[in-house]
Amino acid sequence: MPLIYQKAFSMLKKVYLFILFVFPVFFAKAQIGGEYTYEFLELTNSARIGALGGNQTAIDDSTDLNLPYNNPALLHKSMENRVLVNYVNYLSDVNYGYVSFAQSFDSIGNFALGVLYINYGSFDEATELGGVTGNVFKAAEYAFHLMYSNQYIRLRYGATLKPILSSFESYQSFGLAADLGISFSSKGKLTNVALVARNIGGQLTTYYDNGEKEKIPLNVQAGISQRLKHAPVILSANMQYLNKWDLGFATQENESEDFYVQEESFAKQIMRHMVLGVEILPSQNFTIRAGYNYLRRQELKFEDFGSMVGFSAGFGLKIKRFRLDYAISQYHLAGSSNLFSLSINLNNNF
């Protein structure tokens, strides 16, 4: 490659990294508070990530095409010619899934295409007075993923462009979002750290004419994973929603018939941002996983009976060209969610 092109490419890398760190800050200030549209972008569709608490961005496994969904910097060349299909049996009749395919080019970098969908089921149409019309309508949302990644020594960087379509009965909305991420591994590849800004963007069109554009769920995250040197164990921790510190809420207590407001402690606020996971590898082809999401537990548990809300578990199995992952995650006492992931290696030299 001529020297002038090498310098130009080096400059583009620096500009990319500058945008990665600076651009999300402006959006973070604008996105704090309020409600969001396109909330399905925050749902976990990977069985592996689901088993690890629902949100991990620093697990560096060059064979798992699920990982770039959470952090595009984790898209590796070795994921080339892999096909991924995810399915989630969510609550009630709602189900969603994700499909992806990866390809690499030596002179350019790594690419992947993906489609996320959620199907809310069928609904009986009714008038504003409650009269059933006999008509049936459906509701669904889609997000297309165009991923790119590359690396500079041990620093990996990536981006995902996400056109979004949301359709509820006759109401439709289009949006555009992007994910930006970096990942850095230690020399021995036992430790990996990552920084990601997900869902940067917003609505292009609203659900009805002259409607006010709604915010989408920006999520700035930082993660770390550590593989133990002398044990087949991988520990992972992820900090989510760093663009919004206060994820808790004040509680009202009754003391001697006088009510007062008790703010949540600093330690509990920290835990609301934290997602913890562990993987145990008894063999190269079998993995056991477990995770804990404190925020999910605090938001969805019953006051007097928390049960296993916020906890998740699962396993992974490799058989020749196939990789199968399963997870179960309890969101509420009313039921749990089952996640399935199937990856197929299409490389001839497998």
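Helices (H or I, at least four residues) and strands (E, at least two) are DSSP runs, numbered from the N terminus. With that in mind, N81 is found in the loop between α3 (67-70) and β1, and N81 has a positive phi of about 60° although it is not a glycine. This is a predicted model, in which local features need pLDDT of at least 70 and side-chain atom pairs count only at pLDDT 80 or more, while totals for chains, interfaces and linings use all residues. Residues are numbered from 1 along each chain as its sequence is written, and side-chain values use heavy atoms, with hydrogens and water left out.

**Overview**

- The protein has five helices and 16 strands.
- Of its 350 residues, 44% count as buried; buried means under 20% relative accessible area, exposed over 50%, and partly exposed in between (1.4 Å probe, protein chains only).
- The accessible surface comes to about 18600 Å², and 62% of this belongs to carbon and sulfur atoms; accessible areas come from the Shrake-Rupley method with a 1.4 Å probe, and for residues only the protein chains shown count as cover.
- Among contacts (heavy atoms within 4.5 Å) between residues at least 6 apart in sequence, 55% join residues at least 24 apart.

- Two strands pair if DSSP finds at least two bridges between them.
- β1 and β2 run antiparallel and are joined by seven bridges, with Y98 in β2 as the bridge partner of N86.
- These two strands form a hairpin with five residues between them, and S92 in the turn has a positive phi of about 55°.
- β2 and β3 also run antiparallel, joined by 11 bridges.
- A hairpin through three residues joins β2 to β3, and F105 stands opposite G109 in β3.

**Strand β9 and its partners**

- Strand β9 (residues 233-239) is mostly covered, as five of its seven residues are buried.
- With strand β8 (residues 219-227), β9 pairs in the antiparallel sense over six bridges; A222 has M239 in β9 as its bridge partner, and a hairpin through five residues joins β8 to β9.
- With strand β12 (residues 274-283), β9 pairs in the antiparallel sense over seven bridges, and L235 has V278 in β12 as its bridge partner.
- I234 lies in strand β9 and counts as buried at 14% relative accessibility.
- The C-alpha atoms of I234 and V278 are separated by 5.7 Å, although these residues are 44 apart along the chain.

**The nonpolar core and a surface patch**

- A nonpolar core is a set of buried Ala, Val, Leu, Ile, Met, Phe, Trp, Tyr and Cys residues joined through side-chain atoms within 4.5 Å.
- In the largest such core, which has 27 residues, the members that touch the most others are Y38, F40, L41, L75, L116 and I164.
- At least two residues of this core come from each of α2 (47-51), β1 (82-89), β2, β3 (109-126) and β4 (132-152).
- Leaving aside neighbours within four places in sequence, the contacts of I164 include Y38, F40, L41 and Y142.
- V99, found in strand β2 (residues 95-105), is partly exposed with a relative accessible area of 40%.

**Salt bridges**

- The structure holds 11 salt bridges; a salt bridge is a side-chain nitrogen of Lys or Arg within 4 Å of a carboxyl oxygen of Asp or Glu.
- The side chains of R48 and D61 form one of them (2.8 Å, N to O); R48 is in helix α2 and D61 in the loop between α2 and α3, 13 residues apart.
- D61 also meets R323 in a salt bridge (3.4 Å, N to O), and R323 lies in strand β15, 262 residues from D61.
- R48 counts as buried at 3% relative accessibility, D61 at 17% and R323 at 8%.
- R198 forms a salt bridge with D179, with the closest N and O atoms 3.9 Å apart.
- R198 lies in strand β7 (residues 191-203) and D179 in strand β6 (residues 171-185), so the pair ties together parts that are 19 residues apart in sequence.
- Salt bridges that share partners join R48, D61, D64, E279, R289, R323 and D325 into one network.
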